[in-house]
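User: I'd like to learn how to read a model like this one. Can we go through it feature by feature?

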Amino acid sequence: EMVAVSAQFERIVVMRVKHQADLLGGLEKLVKQEKITNAVILSGLGSLTSAHYHVVSNRGFPSKNVFVKNPEASADIVSINGMVLNGKIHCHLSYADPDKSYGGHLEPGNRVFTFAVVTLGVLPAGLDLKRFDDKTWR
């Protein structure tokens with residue numbers, strides 16, 4: 001019914017993705033550059049000139065996703081959270097513009113405006129987290 005794994009952070013890494021970069025692509029490059037296998041995304045902030053995310057749209061298996069892509073979005077990143085699991089980023093964002101807040105699972109196509117800063121708590125590489133985002137693991 002439940003699974004828990006205990007570990008301590010090996011280090012904290014603060015990453016900055018610059019103006020016009022793709023947020024997910026930038027994070028993927030930095031995770032690889034820093035040789036991060038497993039981590040917890042502790043916080044994130046910044047602003048964007050385009051948004052692309054997906055959200056779950058049903059309540060039964062198999063799950064279905066709705067993808068939202070807005071290349072003209074102008075939004076602040078209110079929060080970023082998630083994990084790096086075996087080198088793969090599983091990240092969720094909350095966005096806000098003058099009229100609403102919204103969010104979901106990070107997809108390619110989030111173009112950074114001013115900057116984006118994401119802080120990771122790096123976990124041991126040997127920690128077995130490979131199934132933690134496996135939706136078929138019941």
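User: How much space lies in the largest pocket?

Analyst: A quick caveat comes before that: this is a predicted model, where local features need pLDDT of at least 70, side-chain atom pairs count only at pLDDT 80 or more, and totals for chains, interfaces and linings use all residues. Residues are numbered from 1 along each chain as its sequence is written, and side-chain values use heavy atoms, with hydrogens and water left out. On a 1 Å grid over the protein atoms alone, a pocket is an open set of points where a 1.4 Å probe fits, with protein on both sides within 12 Å along at least five of seven lines. Points are joined across faces, edges and corners, and the volume is the space filled by probe spheres set on them. Here, the largest pocket holds about 320 Å³.

User: Which residues are closest to the centre of the largest pocket?

Analyst: Lining residues have an atom within 4 Å of a point. There are 14 of them, and H54, N65, H90, H105 and K135 are the closest to the centre.

User: Which elements give two or more residues to that lining?

Analyst: Strands are DSSP runs of E, at least two residues long, and helices are runs of H or I with at least four, numbered from the N terminus. For this pocket they are β3 (51–56), β6 (88–96) and β7 (101–106). Of the elements, β6 gives the most, with four residues.

User: What is the make-up of the lining by class?

Analyst: Ala, Val, Leu, Ile, Met, Phe, Trp, Tyr, Cys and Pro count as nonpolar, Asp, Glu, Lys and Arg as charged, and the others, Gly among them, as polar. The lining has seven polar, four charged and three nonpolar residues.

User: Zooming out, how many helices and strands does the protein have?

Analyst: One helix and eight strands, in the order β-α-β-β-β-β-β-β-β along the sequence.

User: Why does the radius of gyration agree with a compact globule?

Analyst: It's taken over C-alpha atoms, and the rule is 2.2 Å times the number of residues to the power 0.38. For 138 residues a compact globule would come out near 14 Å, and the protein has 15 Å, so the two agree.
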